[in-house]
Amino acid sequence: MTVLVREATQADRPEVEALVAEMMPGVDVAARMRWLYETNPGGPAITWLAEEDGKVAGCTSFFPWRLWLDGKELRGALGGDGFVRPAFRRRGIGALLHNASRDAMHQHRITCMYGAPGEMNVTPLKNGGSKEVGQVVRWVRPLRGEVLK
């Protein structure tokens, strides 16, 4: 079986929407596409698709983000929406997607990719040369005690 990984185009939008819907059942796909993929202040999303024998097997995306380092603005990206359809898993497709996105960072002027990957993405990311430099923890602080009632 032959796997092709390529950057998605506008013509691929219906397939990307279908993958997002499969990845996150119940999510408002149109709102997610508008928010993260189209109107992100850092720029539109960059998405890669994996196809095996002509069938779309999965995707991954970069959501550009502006970063500051030593007083200079740099372009980074939050990696996200990495997904391989269940019928195509355990074949290295996730790693191929991550490799393609990493290899394209220079072309897209992305200085670093960061994020809190889902458990299924950790191994492909590490196998592709990513390094874990810390952990992400989400904290919530109620504004008023009334919320806790």
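I looked up Asp81 and, leaving aside neighbours within four places in sequence, I found it in contact (heavy atoms within 4.5 Å) with Val20, Met23, Met24, Arg32, Tyr37, Cys59, Thr60, Ser61 and Phe63. I note that this is a predicted model, in which local features need pLDDT of at least 70 and side-chain atom pairs count only at pLDDT 80 or more, while totals for chains, interfaces and linings use all residues. Residues are numbered from 1 along each chain as its sequence is written, and side-chain values use heavy atoms, with hydrogens and water left out.

I placed Asp81 in strand β4; strands (E, at least two residues) and helices (H or I, at least four) are DSSP runs, numbered from the N terminus. Is Asp81 buried or exposed? Asp81 counts as buried at 8% relative accessibility, where buried means under 20% relative accessible area, exposed over 50%, and partly exposed in between (1.4 Å probe, protein chains only). I also found a polar contact of 2.6 Å between the side chains of Asp81 and Tyr37, the term standing for a pair of N or O atoms within 3.5 Å, of which, within protein, one must be able to donate a hydrogen and the other to accept it, and residues adjacent in sequence count only if both atoms are side-chain atoms.

I then turned to helix α2 (residues 29–38), where Val29, Arg32, Met33, Leu36 and Tyr37 are buried. Seen down the axis of α2, these residues fall within an arc of 105 degrees (taken from the directions from the helix axis to the C-beta atoms), so they line one face of the helix. I saw that the buried residues of α2 pack against α1 (13–23), β2 (46–52), β3 (55–69) and β4.

Next I checked salt bridges, each a side-chain nitrogen of Lys or Arg within 4 Å of a carboxyl oxygen of Asp or Glu, and the whole structure holds 10 of them. Which side chain meets that of Arg13 in a salt bridge? I found Glu38, at 2.0 Å from N to O; Arg13 lies in helix α1 and Glu38 in helix α2, so the pair ties together parts that are 25 residues apart in sequence.
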